[in-house]
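The sequence and model come first.

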Amino acid sequence: MTDVLDELTPDEPTDAPRAPASLNWRQEAEDGVVRLWLDCENSEVNVISETVLAELDTLLDHVKETQPKALVIRSAKPAGFAAGADIDSFAELRGEGAVAKLEQGHAVLDKLEALPFPTVAVIHGAALGGGFELALACEYRIGIEGAKFGFPEIQLGLHPGLGGTWRLSQLVDPVEAMQMMLTGRTAHDRKAKKLGIIDALVPERHVEAAIHAAAKGEMKHHAQGFRASALRTRAARSLAATRMRSESQKQAPRTHFPAPFALIDLWEDHGGSKAEMGKAEIASFAELLDSVTAQNLIRVFFLRRKLKAAGKGRSGIAHVHVIGAGTMGAEIAAWSAIQGHSVTIEDVNPEPLGRAVKRASDICEKKHLSGIDTRDALDRMMPDPSGLGRARADLVIEAVPEKMELKEKIYASLRGKMKPGAILASNTSSLRLAELVDAAPERTRFAGLHFFNPVSSMQLVEVVSHDRAERETLDRLAAFVTGIDRLPARVTDYPGFLVNRILAPYLMEAMVLLDEGRSKEEIDRAALAFGMPMGPVTLADQVGLDICLEVANSMRSSLDRPVAETPFWLREKVEAGETGRKAGKGLYDYKGGAEPPKSPEPDPSTEIIDRLILPMCDAAVECLRNDVIHDEEQLDGAVIFGTGWAPFRGGPMRYARTRGLGECRDRLRALAERHGDRFRPDPGWDSLA
């Protein structure tokens, strides 16, 4: 939050000297209060590593000898308190090694908790995972406006491992604590205060007064309610745990995603004893760390980092001009403005421009931006019906409907209007850049910038090259994507590029299954059972049946290989305006109150799953063979972050290798014999090692 960070006095985080024999802590003492500032070496953010905890262990011994009025722990990083545990340090740990490291971490935080004087954590920005556990070990927590707290470990197939399961469930209503840990959701400042996570919520200028109130014992802790007291008994926890398991099972079965169930078991069995729960937490964490799910999800963390690294450097892009204020254009403009860019958005009609501003406001609210940050973001986004921003923009993004003639007309109108060095990017999802490049004002400074809907939620953006694009253009676009907190996937011009090429068979086969008489609910539930975030029928409605039809037609005309035939009734639906959720009716009738299934099929059809999933793996092999993307890791990362593809399975290539390359190829051949050549395995399977 910029307004919060601006209030930080510049000398506070930087003037404190390094603590004795420490690379990651700064220390100062004033008025009897010792302050330890976490300042991880050579990093923009703090992480809780083995070294950080070992240094803290030594510092706590020294501080205890001085008997201060209070010990304060803060972050010297403007980015926030701490982003969580150092995943690099534990990703390779297994078995007894993991247990030993966790026991050491527990001992340090227990030592902090046991100090005989007040301990105060002052939190700005995010306190997540291990950072949250560090704050929980303090007697008092003071949140600066904009602070947020959470345990995202569940997204790695784990649960908190440094005492957080006990400390949070003892501090606040245990059911609320479990929901935070089971879902990975964060509690922002006011909610955190209401729950009792923090004892005070103040602006930076009032922090010192709050610290001294805590040091004197004048700060009151949050009082827990009756439910918290009742859940101290095993019987009451068992009733609550049964409900939690039922809800977790609706999201994903234990066999695929064991962490929520392990956490529920941990709390039910040991939630009445700190010693027992601490010991059981360590054993449970170490066991989960060995699971295939956790190892795949940890790999996804590294895939994300690898994609982000593709956008290093400076983009030189300050002003963005978006042409087209439809759904995609509005989201692109809003997100760019929220991330600090000056944005002009152009449309031939005034109504979409008004809706775009409203959409930007809604996104700010959804992302919990402060009033000042929302105001600043909206100030940076200017409706521009006359297109004056074209001449000032460093990047022009064309986001108009997928009609070649319309795009060519817009490109022609940009000739002589864009400033020297400016880049033109198309958000096309179904047209080849090779078909558009000749119409571009400057061919070398033209490329694809394929966002996914909704831009404010979907992390991936494909940076699409073509034969005449300059490397500098692609580098700047990738850096721009990283600069707006998105993940760039560098791909080459290909039918559907990467993500849509892999996703299209999933959607198209679902249409064939419907045509064969399978129910949409059965198809969607089978996909959910595999681990997909939504079934293909639901996804088709979400994307828009008109868009699906365009992509299918593009694939059919551009690919050498057979693709699934589009049922005639799908064209009829599109022609009738029944294009999906945006129209209120598509394959599901949303206006009529129909909602797609959200829970998986308990005994899904393996035939349906294979027909949906294996063609995606086959398309991935095809894309690798044709150098659409650099390697398997980037491909898996792009598909996961671009579609939500079952992350605990590691991506389509990881799934294929886990299942067995030969088995996947043979199964595709068997499907081809039964259902046609669209299942014929790509030649690339034979060259995979």
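Val357, Ala360, Ser361 and Cys364 in α17 meet Thr374, Ala377 and Leu378 in α18, where contact means heavy atoms within 4.5 Å. The residues of this contact between α17 and α18 comprise 5 nonpolar, 2 polar and no charged; Ala, Val, Leu, Ile, Met, Phe, Trp, Tyr, Cys and Pro count as nonpolar, Asp, Glu, Lys and Arg as charged, and the others, Gly among them, as polar.

The model is predicted, with pLDDT of at least 70 needed for local features and 80 or more for side-chain atom pairs, while totals for chains, interfaces and linings use all residues. Residues are numbered from 1 along each chain as its sequence is written, and side-chain values use heavy atoms, with hydrogens and water left out.

**Helix pairs**

Helices (H or I, at least four residues) are DSSP runs numbered from the N terminus. Axes are lines fitted to C-alpha atoms over the stretch in contact, and angles run from 0 to 180 degrees between N-to-C directions.

| Pair | Angle | Axis separation |
|---|---|---|
| α17 (residues 350-366) and α18 (residues 371-380) | about 155° | 10 Å |
| α26 and α28 (residues 652-659) | about 110° | 9 Å |

The angle between α17 and α18 makes them roughly antiparallel, a term for angles over 145 degrees. The pair α26 and α28 is roughly perpendicular, the term for 65 to 115 degrees.

On the α26 side, Asp610, Ile613, Leu614, Cys617, Ala620, Val621 and Leu624 meet Pro652, Met653, Tyr655 and Arg659 of α28. By class, the contact of α26 with α28 has 9 nonpolar, no polar and 2 charged residues.

**Cavities**

A cavity is a set of points on a 1 Å grid over the protein atoms alone where a 1.4 Å probe fits but cannot get out, and lining residues have an atom within 4 Å of a point. Volume is the space filled by probe spheres set on the points, which are joined across faces, edges and corners.

The structure holds 3 cavities of 30 Å³ or more. The largest cavity has a volume of about 200 Å³. Its lining has 15 residues, with Pro505, Pro562, Val563, Pro615 and Arg678 nearest the centre.

Leu503, Tyr506, Met532, Pro533, Met534, Leu539, Thr643 and Trp645 line the second largest cavity, a set with 7 nonpolar, 1 polar and no charged residues.

How values were computed. Helices (H or I, at least four residues) and strands (E, at least two) are DSSP runs, numbered from the N terminus. Angles under 35 degrees count as roughly parallel, over 145 as roughly antiparallel, 65 to 115 as roughly perpendicular and the rest as oblique. On a 1 Å grid over the protein atoms alone, a cavity is a set of points where a 1.4 Å probe fits but cannot get out, and a pocket is an open set with protein on both sides within 12 Å along at least five of seven lines; lining residues have an atom within 4 Å of a point.
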